[in-house]
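Here is a short briefing to read alongside the model.

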Amino acid sequence: MALSFSCSASISPQHQAKVNFKSNKGLEDVRNLIKTVGVPSITCSPVKSLQNGNWVKLICGASFEDVVDIRNLSLVYALAGVDCIDCAADVSVVNAVNEGIDAAIEILPLRRPWVMISVNDDEDLHFRKAEFDPEDCPLDCSKPCERVCPADAISLEAQNSTTQLPFDTNASGAFKGGVLTERCYGCGRCIPVCPYDKIRVTSYIREAATTSELLKRNDVDAVEIHTTGRQIAPFKELWDGLADSIKYLRLAAVSLPDIGEATVSSMKDMYSVMEPDLCCFNLWQLDGRPMSGDIGRGATRESIAFALRLAAIKDRPHGFLQLAGGTNAHTVDGLKKVGLFQTTSFHRNSRDETLTGTSSSVHAIIGGVAYGGYARKIVGRILSNMQSQHGIASMEDYPDHLLQALREALSIVGTAKSFPISNSS
């Protein structure tokens with residue numbers, strides 16, 4: 001079923017893509033940091049980054065729809081030099097991404113990162129929301145769901161009770177709050193920790209017709225289809241629904257998990273569906289361990305193992321390869337250890353010859369890395385601090401916070417871009 005979600009917070013018009021003149025002096029430190037580090041996005045195109053193996057994508061989240069955070073995350077990571085920003089296929093979210101990019105360009109002239117929207121062909125972990133009735137929760141609950149949520153999407157407060165009775169299950173009153181729908185991105189970590197089994201998930205599928213109209217906008221550059229890779233019929237149905245809008249794009253991506261020996265044959269089947277309508281580049285997102293990058297070093301192993309196995313298969317279908325799922329500050333080091341970071345191979349494809357105007361080229365085997373939960377977490381701490389002090393705000397109006405956030409963003413983008421991260425500390 002298709003669901004729609006509204007965003008409860010927005011940034012006032014005077015803050016949209018407009019830099020506060022009073023903050024301009026403070027923003028000079030931001031400009032100087034970017035120039036000192038040598039962020040390559042001033043001149044390097046996203047396609048060149050894919051070819052070089054240093055493409056970086058920010059995943060805002062296919063279900064994450066907090067437009068204030070998305071706008072500020074897009075601002076920070078556009079300044080840090082990402083090549084693409086991936087977001088939910090929702091008009092307000094796409095607008096928020098572009099407002100953040102516009103604000104970044106006003107601070108310093110950069111080439112625009114591509115804006116990508118994500119859709120799904122069937123039920124998928126990335127396209128679901130947690131939900132529960134807070135009034136059903138016993139007042140003595142220790143609220144582990146609230147503590148474990150990486151998106152701060154659960155808020156529970158006791159109501160109608162003037163005394164704190166932590167062990168009295170018969171206390172009058174109830175909890176208020178629950179899941180903040182626009183912040184939940186479906187990781188599911190709250191479900192197993194609930195001691196009363198109260199939490200459910202609602203899955204949804206983005207409608208192809210609505211997505212197709214979004215793809216025709218001049219501020220959307222790419223689409224990503226999330227699929228299990230196990231059934232071709234739902235993939236074909238979705239692709240056919242999007243086919244007339246593919247011509248407006250620069251990139252068509254498919255995100256899929258590792259399904260063992262069937263992975264390559266599934267990719268071939270999907271590519272045969274896509275190829276007649278492709279007039280842009282295509283990319284395969286290797287989703288190793290979905291939504292786990294913020295957990296730690298071990299989370300990235302599955303993503304690297306997936307890339308290593310697929311890179312060794314010579315007859316895989318055409319398209320750039322990009323890592324996701326468990327990616328974090330350790331991912332590039334892991335790629336280096338297995339010899340896949342910016343390792344190149346000879347490449348020839350008639351469609352790409354038309355797109356690039358070259359007869360042949362040498363491309364990196366792994367085009368780059370997408371960062372999701374980890375990238376949002378390291379900047380999100382500063383966003384939360386700013387909002388606790390100043391309320392809902394555009395980050396460029398508080399340059400000290402923007403500078404801190406940019407340093408965090410450079411620490412992760414710089415691992416893939418190979419610019420001197422030490423200068424950003």
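In this predicted model, the charged end of Arg376 sits over the ring of Phe64, 5.8 Å from the ring centre. The charged end of Arg376 also sits over the ring of Tyr185, here 4.4 Å from the centre. Tyr185 comes up again below, among the residues that line the second largest cavity.

**Aromatic pairs**

- Searching the whole structure turns up four aromatic pairs.
- One of them joins Trp55 and Trp114 in an edge-to-face arrangement, with 6.0 Å centre to centre and 65° between the planes.
- Trp55 belongs to strand β1 (residues 55–61) and Trp114 to strand β3 (residues 114–120), so this pair ties together parts that are 59 residues apart in sequence.
- Trp55 is buried, at a relative accessible area of 0%, and Trp114 is buried too, at 6%.
- Phe127 and Tyr204 form another edge-to-face pair, with 5.9 Å centre to centre and 75° between the planes.
- Because Phe127 is in the loop between β3 and β4 (128–131) and Tyr204 in the loop between β7 (200–203) and α7 (208–215), the pair ties together parts 77 residues apart in sequence.
- Both ends of this pair are buried: Phe127 has a relative accessible area of 0% and Tyr204 has 1%.

**Cavities**

- The whole structure holds four cavities of 30 Å³ or more.
- The volume of the largest cavity is about 240 Å³.
- Its lining has 23 residues, and the closest to the cavity centre are Ile59, His126, Met291, Gly372 and Gly373.
- At least two lining residues of the largest cavity come from each of β1, β8 (222–226), β10 (281–287) and α13 (373–390).
- Sorted by class, the lining of the largest cavity has seven nonpolar, 12 polar and four charged residues.
- The second largest cavity has a volume of about 100 Å³.
- Residues lining the second largest cavity include Cys149, Cys184, Cys187 and Cys190, along with Pro150, Ile154 and Tyr185.
- By class, the lining of the second largest cavity has 10 nonpolar and two polar residues, with no charged residues.

**Salt bridges**

- A search of the whole structure gives 21 salt bridges.
- Lys57 and Asp86 meet through their side chains in one of these, at 3.2 Å from N to O.
- Lys57 is in strand β1 and Asp86 in strand β2 (residues 84–88), so this bridge ties together parts that are 29 residues apart in sequence.
- Lys57 and Asp86 are both buried.
- The side chains of Glu65 and Arg206 form a salt bridge at 3.1 Å, N to O.
- Glu65 lies in the loop between β1 and α3 (67–80), while Arg206 lies in the loop between β7 and α7, so the pair ties together parts 141 residues apart in sequence.
- Glu65 counts as buried at 0% relative accessibility, as does Arg206 at 10%.
- Arg183 forms a salt bridge with Asp69, with the closest N and O atoms 2.9 Å apart.
- This pair links distant parts of the chain, 114 residues apart: Arg183 is in the loop between β6 (174–179) and α6 (190–193), and Asp69 is in helix α3.
- Arg183 is buried, with a relative accessible area of 14%, and Asp69 is buried with 8%.
- Finally, salt bridges with shared partners connect Lys57, Asp86 and Glu224 into one network.

Technical notes: Residues numbered from 1 in each chain as written. Predicted model: local features only at pLDDT ≥ 70, side-chain atom pairs only at ≥ 80, totals over all residues. Heavy atoms only, no water. Phe/Tyr/Trp six-rings, centres within 6.5 Å; stacked < 30°, edge-to-face > 60°. Helix = DSSP H or I, 4+ residues; strand = E, 2+ residues; numbered from the N terminus. Buried < 20%, exposed > 50% of the residue type's maximum accessible area, 1.4 Å probe, protein only. Lys NZ or Arg CZ within 6 Å of the ring centre and 35° of its normal. 1 Å grid on protein atoms, 1.4 Å probe; cavity = no way out; pocket = protein on both sides within 12 Å on 5 of 7 lines; lining within 4 Å. Points joined across faces, edges and corners; volume = space filled by probe spheres on them. Nonpolar A, V, L, I, M, F, W, Y, C, P; charged D, E, K, R; others polar. Salt bridge = Lys/Arg side-chain N within 4 Å of Asp/Glu carboxyl O.
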